[in-house]
Amino acid sequence: MELLTNPPAGEEQTLLDLITHRVPAGVDEAARVKAGFLAAVAKGETACPLISRERATELLGTMLGGYNIQPLIELLSDEAVAAVAANALKKTLLMFDQFHDVKELADKGNVHAKAVLQSWADAEWFTSRPEVPQSLTITVFKVTGETNTDDLSPAPDATTRPDIPMHALAMLKNARPGITPEEDGKRGPVKFIESLKERVTW
């Protein structure tokens, strides 16, 4: 987080990509640190040259639930970012008992909390999503034999969930009938899998 508050020249976009896309949502330690940092920026307690208060609030809204919920509720009372926090909470369903905190704010007259409750009641989190297409044309990649997570997400190659690019390279790295890895035991059939995308028409 220190790098985000004082980014090295030329690394700005990389740092933004890391905080935005490479820290998983949820309730693990990385999510706790991310939510804490973004909350501090959103509240104006920490200055970050790369992330505005509004953007920090938006990013909190992408974390699905857990450590981001309480800061978003608190931001409903901060007029500078309250509308942004409300929009984030409207799309958040994993509230559990913290629903009552939003209800309490609404009962006290907080218009942003009222808007969140109304949005939930109207199921805007669902109705705002794109319609499901009438038909889909897909390509099926069939793997012969038994397949488990060790084949698709080999722990020796990438030990954490955020290491998605590393998992993708090692997926199906061991040869088997119908599967020819690019480098047996090290790199899976990456180019072949990419070629399958060209067959798909939406």
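Predicted model: local features only at pLDDT ≥ 70, side-chain atom pairs only at ≥ 80, totals over all residues.
Reader: Why is Asn 110 called buried?

Author: Buried means under 20% relative accessible area, and Asn 110 has 13% relative accessibility, so Asn 110 counts as buried. Asn 110 sits in the loop between helix 7 and helix 8.

Reader: What does Asn 110 touch, leaving out residues up to four places away in sequence?

Author: Leu 76, Ser 77 and Leu 105. Leu 76 also turns up among the residues with the most contacts inside the largest nonpolar core.

Reader: And why does Gly 36 count as partly exposed?

Author: Exposed means over 50% and buried means under 20%, with partly exposed in between. Gly 36 comes in at 40% relative accessibility, so partly exposed is the label. Gly 36 belongs to helix 3, and its C-alpha atom is 8.4 Å from that of Pro 71, 35 residues apart along the chain.

Reader: How do you know which residues of helix 3 and helix 4 meet?

Author: Contact means heavy atoms within 4.5 Å. On that basis Ala 35, Leu 38, Ala 39, Val 41 and Ala 42 of helix 3 meet Arg 53, Ala 56, Thr 57, Leu 59 and Leu 60 of helix 4. By type, this contact has eight nonpolar residues, one polar and one charged. Arg counts as charged, so Arg 53 is the charged one.

Reader: What does Leu 60 touch, not counting residues up to four places away in sequence?

Author: Ala 35, Leu 38, Ala 39 and Ala 42, plus Asn 68, Pro 71, Leu 72 and Leu 75.

Reader: What makes a set of residues a nonpolar core, and how many residues has the largest one here?

Author: The members must be buried residues of the listed nonpolar kinds, joined through side-chain atoms within 4.5 Å. The largest such set has 34 residues, and Leu 38, Ile 51, Leu 60, Leu 76 and Val 102 have the most contacts inside it. Helices 2 to 8 each supply at least two residues of this core, and helix 3 gives the largest share, seven residues. In soluble globular proteins, nonpolar side chains tend to be buried together.

Technical notes:
Residues numbered from 1 in each chain as written. Heavy atoms only, no water. Helix = DSSP H or I, 4+ residues; strand = E, 2+ residues; numbered from the N terminus. Buried < 20%, exposed > 50% of the residue type's maximum accessible area, 1.4 Å probe, protein only.
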